[in-house]
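Dear colleague,

I am handing over the structure we spoke about, placed just below, and after it you will find an account of what turned up when I went through it. Please read it with the model open beside you.

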Amino acid sequence: MEKDFDIQEYMTKGVERVVSDALRATLKNPRESAFMLRFASASKSASKKRKEAKKHGEHVPPFLIASITSECNLHCAGCYSRCTEATTDDDPTDQLTSKEWSDIFDEASDMGISFILLAGGEPLLRRDVIEAASKRQDILFPVFSNGTYIDDKYEKMFDKHRNLVPILSIEGDKDTTDDRRGDGIYDILIKNMNRFKKDGLIFGVSVTVTTQNLEEVISDGFLEELADKGCKAVIYVEYVPISDEAKELSISDEQREYLKDRMGKLREDIPEMVFIAFPGDEKSSGGCVAAGRGFFHINSHGDAEPCPFSPYSDINVRETSLRESVNSTFFKKLRDGNLLVDDHEGGCVLYEKREQVEAVLSGV
């Protein structure tokens with residue numbers, strides 16, 4: 001992969017390519033074609049808004065990660081979110097309402113944010129927020145889901161509102177996936193993929209990369225099977241260990257370099273699919289793109305955080321605007337300093353240097 005790889009440009013152009021492919025493949029589906037044309041136009045308009053904001057000294061990233069709930073029905077082995085208590089079993093209290101999320105989506109559109117990644121917990125537990133997102137047709141909403149709540153009602157919603165793109169979490173083959181996520185989860189995911197392919201829906205997958213599944217999830221066989229199911233995007237997320245016991249699951253520098261080289265080859269050999277690796281692509285793209293450099297995170301209670309793996313905040317969207325949040329003092333200090341572009345051992349720089357992040361926050 002080239003050293004000057006630009007993750008933001010690749011993601012934007014990758015989505016545009018998927019949109020273009022979908023247009024050619026769905027000419028017989030007026031609803032999908034109409035959405036794809038509208039989104040292509042909206043994406044260009046959003047880019048102009050961001051450039052205009054930059055002229056006035058304001059920074060607006062193209063991506064936002066929105067964790068719309070902290071509730072989840074699964075207990076995946078080594079889950080970072082559960083270890084940090086960001087995810088729970090119970091119905092959480094004092095979370096942002098669907099109206100508050102709707103207002104955030106509207107403001108994001110006004111700012112020029114083109115992509116909002118809906119996460120959790122399990123985001124499909126918040127059907128009210130998913131419905132609110134479906135109405136904001138000028139924004140593409142990848143929905144990161146474990147797949148267990150995809151029912152006929154959601155299927156119809158994804159079919160009707162093509163700005164909602166399901167991203168299914170999978171760990172590899174049946175044994176690997178069920179071993180981490182629970183018995184029967186793999187079969188549910190395959191059933192959903194077959195359903196999406198039958199209905200001509202765009203979808204992708206998210207893979208947590210560990211020492212146990214690295215070779216498998218970047219293999220030709222695994223990717224060929226996904227392509228055959230109609231998958232259009234594969235997002236690799238390196239496992240972030242939260243305890244000494246879990247460190248053995250975190251890939252080594254040598255394995256990380258291998259993954260980086262493999263990403264470059266996959267992008268050349270399979271251009272019809274989008275391949276992203278976090279945080280590896282960030283390091284190749286000039287440093288971490290969190291804290292608003294390329295994206296930022298709003299948790300289920302409204303705190304604006306650098307990213308889901310760095311749960312620190314000095315501002316809440318309930319008390320201010322989304323625009324003010326992305327330009328908060330904390331975010332500006334992270335962006336203006338060297339921390340985000342510092343060389344590090346690999347993996348998540350904000351997690352690895354969390355003591356320095358905490359020091360920046362304490363100085364706000």
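I would begin with helix α4, in which Trp 101, Ile 104, Phe 105, Ala 108, Ser 109 and Met 111 are buried. These residues cover an arc of only 160 degrees around the axis, so they sit on the same side of α4, while on the other side of the helix Lys 99 and Asp 110 are exposed. The helix comprises 14 residues (98-111), which at 1.5 Å a residue should span 20 Å, and the distance between its end C-alpha atoms is 20 Å, in agreement with that expectation. After α4 comes Gly 112, whose phi is positive, near 105 degrees.

Please keep in mind that this is a predicted model. The protein chain has an average pLDDT of 86, and 86% of the residues score at least 70. Among the elements, helix α5 (residues 127-134) has the highest mean pLDDT, 98, whereas helix α1 (residues 7-25) has the lowest, 57. Where pLDDT is low, the predicted coordinates should not be read in detail.

As for the chain as a whole, there are 16 helices and nine strands, and 55% of the 364 residues count as buried. Of the contacts with a separation of 6 or more, 72% are between residues 24 or more positions apart.

One of the buried residues of α4, Trp 101, is also among the residues touched by Ser 300, together with Ser 67, Ile 68, Thr 69, Ser 70, Gln 95 and Leu 96, when residues up to four places away in sequence are not counted. Ser 300 belongs to the loop between β8 (295-298) and β9 (304-305), and its side chain forms a polar contact of 3.1 Å with that of Gln 95. Its relative accessibility is 3%, and because buried means under 20%, Ser 300 counts as buried.

Which residues does the side chain of Arg 262 reach through polar atoms? Arg 262, in helix α11 (residues 253-269), makes a polar contact of 2.7 Å with the side chain of Asp 220, and its side chain also reaches the backbone oxygen of Ile 218 at 2.7 Å. Leaving aside neighbours within four places in sequence, Arg 262 is in contact with Ile 218, Ser 219, Asp 220 and Leu 223. With a relative accessibility of 14%, Arg 262 counts as buried.

Asp 199, which lies in helix α8 (residues 185-199), is instead partly exposed, at 31% relative accessibility. Apart from residues up to four places away in sequence, Asp 199 touches Glu 155, Asp 159 and Arg 162. The C-alpha atoms of Asp 199 and Phe 158 are separated by 9.9 Å, although the two residues are 41 residues apart along the chain.

Cys 76 is buried, with a relative accessible area of 13%.

With best regards

Notes
Residues are numbered from 1 along each chain as its sequence is written. This is a predicted model: local features need pLDDT of at least 70, side-chain atom pairs count only at pLDDT 80 or more; totals for chains, interfaces and linings use all residues. Side-chain values use heavy atoms; hydrogens and water are left out. pLDDT is the predictor's confidence in each residue, from 0 to 100. Helices (H or I, at least four residues) and strands (E, at least two) are DSSP runs, numbered from the N terminus. Buried means under 20% relative accessible area, exposed over 50%, partly exposed in between (1.4 Å probe, protein chains only). A polar contact is a pair of N or O atoms within 3.5 Å; within protein, one must be able to donate a hydrogen and the other to accept it, and residues adjacent in sequence count only if both atoms are side-chain atoms. Contact means heavy atoms within 4.5 Å. The expected span of a helix is 1.5 Å times one less than its number of residues. The arc is that of the directions from the helix axis to the C-beta atoms.
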